[in-house]
Amino acid sequence: MAGLQWELPTELCCRPMAFVALTGLDVVYNAVHRAIWDVFSANRRADRVPISFKILPGDHEYPKCRTKRTSYEWYIPKGILKTSWMNKHLNEVPALVVVFYELDWDDSQWKEKQSECATKVEIVRSSLQSRNTKVAVVLIQKKTPLPPGEDLVASERAAAICHACDLSGKSLFVLPHTDHLVGYIIRLENAFYEHAQTYYYNEIRRVKSHKEFLNKTTHQLLFVRHQFKIAFFSELKQDTQNALKHYRSAYSLVHELRAHESNMLEIKTLAGFLNYKVCRLCFQHNTPLDAIAQFRKHIDLCKKKIGSAELAFEHAAWMAKQFQCFGELFDDAIKMGLPPIQTQNPGFYYQQAAYYSQERKRLALQLSQVGPMHSSSDPLSGGLDYYGQRPWRQGHQSIDPPDLDKEKKGIVALQLQERDIPHSELIITLLSNAVAQFKKYKCPRMKSNLMVQMGEEYYHAQDYAKALKLLDYVMCDYRTERWCGIQTAILSTALHCAYLMASVKDYIVFSMELLGRASTLKKEQKLRIEHNFIQVLKNKTPDAEPQCDHVSAQAAQSLWNECMASAGSNEFIIDVQDYIPFIQCKAKFRSPSFHVDEVVRLQVFVRADCPHPVSFTKLAVTLNNPEYNQRCVLESSSQECKSLVPGKTKCYNFSFVAKTKDVGKKVEMTGMEVMLGSATGRSVILRWRGAGGDAATSHDFLPPSNKSFWPDQEEDLDWDCISILQSTMILSRVPKIHVDLSHQPPALTNEMYCISCTVQSLEEGVAKDVKLTAGLKPGQDANLTQTTRVTLDNSKACDDSTPSLLPDVLLGDLKAGKKLDRCVYVSSLTTGPRLLLFHIAYSIDVIVDGQQIECKCQKDVSIAIETFVPFEVSANFLSTKFEPLEQVTTDLPFLMLTEIRSSSPWPLLLASASLQNIGVTNARHHKFQLQDVVLRKDECASECFCLRSPPPADNNNTMATGQYVISWRRHSSSPASPLISTTVTLPHVFLEPLPFYIHADIPPFGRVRESLPVCFHIENRTAVVQDVQIAIEPSESFMFSGLKQVHLRILPGSKQQMLYNYYPLLAGYQMLPQLRISVARCTTNACNLRRFLPHRIFVKPRSKEVDNDSIAAA
């Protein structure tokens, strides 16, 4: 049988659609007919009815209809399903034949054309030969027909042509060739579909009618056949639910058949067909779980139906095809929108298909002893009448074969044919499909496993390049996850591929890995591989790998000989980071950091894991500064020095002097190289990135070392305890100077805070170019930079141009044991803590490892200072009676009392204080009182100013009183030090306008029974004449003379005086007679005016000697 025998028939896999034949269309020479056919056949979207159209000639010979059987009593079926039955009903026997004929209702030759049309219909009926196929006629007309019932001529002639052609009215159609051709044809398709539905319905009934003639003793095959036909006709009828029901019934009946070796293949073939149909319809109905359950049931029922042991490979092939077909159905369903999951995807079914294909290959390899067939006739020639039967015994249903000789020849022919099938190609295709699915659903380990199998199949197919590419790709994952056994097996296959290809570099790499610690090979195998590896290094041909067939090994030997004789490059560079070779290498610096005046030391540890000792030619360490590389190379001629004993760790030490330009930088190992072989033969350079380690080395799992591990003897080396230290920091030389900072904290705002910096040399030589950088330490709040000023000159005050950090102040050279002093002054404009930095830098010549270098040394000293306010200033406004004021009356004197309270822990000297930019005027010339006053902590100093507020220039009701400038310094500072000027902005005052003003002139005291003259001054400050009512209220302590009540009229801007004589009656503080004032045109309250008048006066007692003059005056 052909190699494609396991492929499912095309007619089984396609979607069954009703077959309708179209006759009478000349699509070659008639443009109208061509346009009609294009609408029928082109652009058939999913919304159009499922019909398969085909153009056939009018006299086409359809398959003959067999004679109807009236009894099945003596009928013995020869098989289950004919190979031609599905194709016959899909493409040969139509459900409807449509005859197209051009005829208008008003045609002048109506009679003749009517007869011609009837003749064509009769020819079609005779060609169908008593089949139940329907016949319909479509009249192609040029004019658009009238609505039904309006054209009487059309109705009469339609009835006439139906009678002439023996058609029902439902089988005659009119197709106008107009602009709406597509719409008319879609309506025709719907009508054709109804006729086809009727045909398939009748066919189903016809098949069902046979059931009463069957018996289960001799007609078991017919039960299966009839159920399949009913299901297939239901699919053609687009009744998929009914089709699924009958396919399942047919599947159950197949497994009820008695199975034996002669019919086992037929049963499995039909079971596979039915399973395919059931699973496909389940996916189509969006019930994937039913499809999976059906497939599992199918596999469970059939996996043990192997049949003949000589043809066991057929069963494996059939099983592979079942899994492959289900995987394809599953994949198609996913493309149509079925949601898959990671644990249930098509990849698992492709994987199982590949497994059974591998089993098929294994069974086929056992057929190598089958000899050639000596026969003139081929038992596999000829076609099959029934699915699943043997060509040499078709239609045979008995248990024993009819001809044993033919049976043996047929089996031998199948075995010979199986040997020629490219099994590896089939397996690779299935594995490739499975890999694609597992990659799609993110199953990396499944993908890697199948890629290994693909590589092995490529190896068996002798496509070594592809095999090596796949195996090399997946080895990365297994190296990382440390699957040593799997890795070793893959490497062994890869080594075979490299040998058979004569790929020298790959052969070297895989040999080194198989000799390494991750390999699980036995010692004898490693010895053989090491011997071949040494042979390759000596530019000799290695021995053939075991398990290689003789022909391939001979071809490989020729390739190796050509390779050895070629004049190509004999140097191979291998990046060990991606492999696990038999040589391990680690490196570390002796310390995480070195000072520039120290020798930088590093150690390289090398270990071999091969069975025999191995020697290397060169060991080199490369650093990020190429100037150091020449000091880190080992090319000794001593063979003992470069010989590595298996399992023993060797340590090699390197050292160099760091460059001064690398101070503050990292010196890092960028790689290491170990050269194997020689220049005369072949050399292999193993290259490690960084400080060593390979694909099996995990730096994350190395235990942290609390103390340095510097073995002195090689016997003390423990490889697992050696950690990697890839980089070291080059630090500046440790300065040998002492820096002393003296100051008197805390600092006060605005003062020139003095910090004395003393640098004492402890060096043995001269420190050259000593420089001081002093000021605010960088990295602090940006506001501190704006409010901190640093200077070396305290003779003048700091301004905005003064920096916060003084860089590189040259102090000169400093000899051994000497000192340098410098004072730095810091002015802080705001309070709070500040961190100040004093950075001393210098250079000195030192000798390191016999080399004189100039080292730059530096030392940082930081101090934190807190800045406080030296004093607090407050100002209060009082009346001339020393009463607190909330508002100040314009053009009247008032008092401003300033108070300075010291908050400094150090005594302060107030040199002077003054008012500046005042908005008010001094009522009197004022001499400042705070001059050379010393204030200690919490002590206060006050000063009083008598001021007068002028009338405001605008309607503003507030006025600035100016600034209070205080000149001060610490009392302990030298008299020559500059004074610090602190300016305090005084508060604003609220102004109160006074349109009417009154005040009194009265002596400071009175005496009992002595005259007390009082003069009241009344002033009109408004622009209108004011009427004033004045009255004196009586008092028990005084008598008075003058007008008790008076009415005055005061002109604008003028004044009026009122004179009174008070006569005190009682001694002590007495209440004066109060003046009651009423101003008609002014809003000023009388109470507000009274506050300008005195309320009490001290009255002295009368003296013992009577003053006659006083009595006379009274």
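**Exercises: strands and a buried asparagine**

Strand β28 (residues 888-889) and strand β37 (residues 989-992) run parallel, joined by two bridges. Two strands count as paired if DSSP finds at least two bridges between them, and strands are DSSP runs (E, at least two residues; helices are H or I, at least four), numbered from the N terminus. The model is predicted: local features need pLDDT of at least 70, side-chain atom pairs count only at pLDDT 80 or more, and totals for chains, interfaces and linings use all residues. Residues are numbered from 1 along each chain as its sequence is written, and side-chain values use heavy atoms, leaving out hydrogens and water.

**Exercise 1.** Find the residues that stand opposite Glu 992 and Phe 990 in β37.

*Solution.* Next, take strand β34 (residues 958-959), which pairs with β37 in the antiparallel sense over two bridges. Here Thr 958 stands opposite Phe 990.

**Exercise 2.** Work out which strands flank the pairing of β35 (residues 963-970) with β30 and β36.

*Solution.* First, eight bridges join β30 (residues 908-916) to β35, antiparallel, with Ser 914 opposite Val 965. Then β35 pairs with β36 (residues 980-985) over six bridges, also antiparallel, and Ser 967 faces Ser 981. Finally, seven of the eight residues of β35 are buried, so the strand is largely enclosed by the rest of the structure.

**Exercise 3.** Describe the setting of Asn 625.

*Solution.* Locate Asn 625 in the loop between β11 (618-623) and β12 (633-634). Its relative accessible area is 9%, so Asn 625 is buried (under 20%; exposed is over 50%, partly exposed in between; 1.4 Å probe, protein chains only).
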